[in-house]
Structure formats: structure tokens, C-alpha cells
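Please read them with the sequence and the structure open.

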Amino acid sequence: MKIHLLPPLMSLVLTAALMPANSQAQLKITEVESSEAGSGKADWFELSNFGSTSVDITGYKIDDNSHTFGLSVPLTGVTILTAGESAVFFEVSGGTPLTVSGFRTWWGLGSSVQVGTYSGSGVGLSAAADEVNIYDSTGTLINGVGFSTATPGVTFGWNPTTQTFGALSSNGVFGAYVAPVDGDIGSPGVVPEPASFAMLGLGAAMWIARRRLASR
């Protein structure tokens, strides 16, 4: 008996495309660096869209382990996260703060990777242990992660196999690489590959691979 797989697959794709965006389910923090290898750098985190639709993050804010929307500060420089996209946000602080172009140089990032910023008192990430919590404009918690003592120059990342956050990044694993400046290890802008994307078939996998290459 011949089994026709294409119609169910197309149905799955169409269903996913028509589903409304749910940013609480779609957006996850997938990388954090709270201790940089060199001087003149900045703490940063990565926000990834695992959904099938774009999400408008206008008005979104970040807080650390105080868990208080009133103490959170705005994310700036990025407004839309498309499906399968990861954006990076770094802290602007100090007398000579890191710039967006400086961040791109640090990690060797091209223009295809969105890089935003945040600034304000009380949101610096501790190298000892801390959290990153993201709120939407209404104060609803979208996603939050905690992390332990940092290894200088190594990010905490997302494991797409176990769907968990918090392990230290390793060069060559899940898209992590050595930064061209100061030798930090991480994968800013590299889209983690969740199991749900695999259901969309080979075409989606190739699309993700192309995005990965473009972000390097």
C-alpha cells in the first residue's frame, strides 16, 4: 500500500503558519555571557524565536534576579524577531561603553544578525550567579533563565537536544566558535535547532543552516 506523506506534512506547515503568535511560548533566552575574557566588553544575552511567526518585541524589558518589572529596563535596537531568528542584546555601561559595531567586531558578526542594547542601574549580570528575565510591555514575564558561576570568556548556552539552558558553550558544539577578538567561546546569533523545526522537513533544516552561515 502506498502511503502519501506530502498532504499531512503540508497540513502541518499550513497549520503552523496560521497559528497566532504566542511570545510566551515562542521566545526563549538561549545564551548569556556574564563574564568576558577581555577588557572593554559587555555582558550580553541572546533571545531566540522558536515559533513559526514573527514577534514584535517593541516595549520588551530585561531584569535580573530581582524579578521586578518596575526595575526592568528597555531592550532597544531590535523590534521584530522573525521565525527562527536569534538576536543579541548587550549592556551599555561605563565611561567608554561597547558599541554595536564593537560587538560585531568582537564576535565577527555580519549585518544579518540583529544586535540590540539595554542600559540602566541594577541590571548588570553577576559572574557569580544571576538571572535574565524578559517582560513584554504589559509586564508579563515572557521567559527567564538562571545561571551559576561563570567561566570567564565562556557563555552559558542552549542545548537543542535536551531543550535545556545553562551548560557552558564548547567550541564546535551547537554552533559555538571562538570569537576573533579575545577568544571568548559562544554562538551569538546562531539559531539553536529545536526538535520542532525538524518536523518541517529538509527544506526547513537547509534554511536554518543557511541562516547559521550568514550569521558567522
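1. Which residues does Val32 touch, not counting residues up to four places away in sequence? With contact taken as heavy atoms within 4.5 Å, Val32 touches Trp44, Phe45, Leu125, Val132, Val145, Phe147, Thr155, Phe156 and Phe165.

2. Some ground rules apply to every point here. This is a predicted model, in which local features need pLDDT of at least 70 and side-chain atom pairs count only at pLDDT 80 or more, while totals for chains, interfaces and linings use all residues. Residues are numbered from 1 along each chain as its sequence is written, and side-chain values use heavy atoms, with hydrogens and water left out.

3. Val32 also belongs to the largest nonpolar core, which has 28 residues, and is listed with Phe45, Phe89, Tyr118, Val132 and Ile134 as touching the most other members. A nonpolar core here is a set of buried Ala, Val, Leu, Ile, Met, Phe, Trp, Tyr and Cys residues joined through side-chain atoms within 4.5 Å. At least two residues of this core come from each of β1 (27-33), β2, β7, β9 (130-135), β10 (141-147) and β11 (156-159). A second, separate core holds 13 residues, including Trp44, Phe90, Leu98 and Trp106.

4. Six of the six residues in β7 are buried, meaning under 20% relative accessible area, with exposed over 50% and partly exposed in between (1.4 Å probe, protein chains only). Ser86, Val88 and Phe90 point one way from β7, whereas Ala87, Phe89 and Glu91 point the other way.

5. Two strands count as paired if DSSP finds at least two bridges between them. Strand β2 (residues 44-49) runs antiparallel to β7 and is joined to β7 by five bridges, with Glu46 opposite Val88. Strand β8 (residues 115-118) pairs with β7 in the parallel sense over four bridges, and there Phe89 stands opposite Gly116.

6. A search of the whole structure finds one salt bridge, defined as a side-chain nitrogen of Lys or Arg within 4 Å of a carboxyl oxygen of Asp or Glu. The partners are Asp182 and Lys41, at 2.5 Å from N to O. Because Asp182 lies in the loop between β13 (177-178) and β14 (185-186) and Lys41 in the loop between β1 and β2, the pair ties together parts that are 141 residues apart in sequence. Asp182 is partly exposed at 41% relative accessible area, and Lys41 is partly exposed at 22%.
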